[in-house]
Amino acid sequence: MANVVEVKVGLHCDECIKKIFKAIKKIEDIETYNVDKQLNKLIVTGNVTNEEVIRVLQKIGKNATPWENPQPQHNC
């Protein structure tokens, strides 16, 4: 079963993105990967965990953290 892993990582330029994609491709059992440059978000699907993706990104000098969806604000 495929997991969807979302991490926050600096996507400053096209070279950064190329470097990230090159590192991500080396992870086994990856199905798809993509970035959202506006949100600095990397989305990876496959048989992979947050920890694996973050470790690979840290090896290439990128500071990555798990993506956290902001909780909706309830105005009572």
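Reader: Against which elements do the buried residues of α2 pack?
Author: The model is predicted: local features need pLDDT of at least 70 and side-chain atom pairs pLDDT 80 or more, while totals for chains, interfaces and linings use all residues. Residues are numbered from 1 along each chain as its sequence is written, and side-chain values use heavy atoms, without hydrogens and water. Helices (H or I, at least four residues) and strands (E, at least two) are DSSP runs numbered from the N terminus; contact means heavy atoms within 4.5 Å. The buried residues of α2 pack against β1 (3–9), α1 (14–25), β3 (41–46) and β4 (64–66).

Reader: Within what arc do the buried residues of α2 fall?
Author: Buried means under 20% relative accessible area, exposed over 50% and partly exposed in between (1.4 Å probe, protein chains only). In α2 (residues 50–59), the buried residues are Val53, Ile54, Val56 and Leu57. They line one face of the helix, because the directions from the helix axis to their C-beta atoms fall within an arc of 160°.

Reader: Which residues are exposed on the other side of α2?
Author: The buried face holds Val53, Ile54, Val56 and Leu57. On the side away from them, the exposed residues are Glu51 and Lys59.

Reader: How far from lysine 62 is the nearest side chain of opposite charge?
Author: Lysine 62 occupies the loop between α2 and β4, and among the residues that it touches are Cys16, Ile20 and Leu57. Lys and Arg count as positive, Asp and Glu as negative, with His and the chain ends not counted. Although buried, lysine 62 has no salt bridge (side-chain nitrogen of Lys or Arg within 4 Å of a carboxyl oxygen of Asp or Glu). Its nearest side chain of opposite charge, glutamate 15, lies at a distance of 10 Å.

Conventions:
Lists of a residue's contacts leave out its neighbours within four places in sequence.
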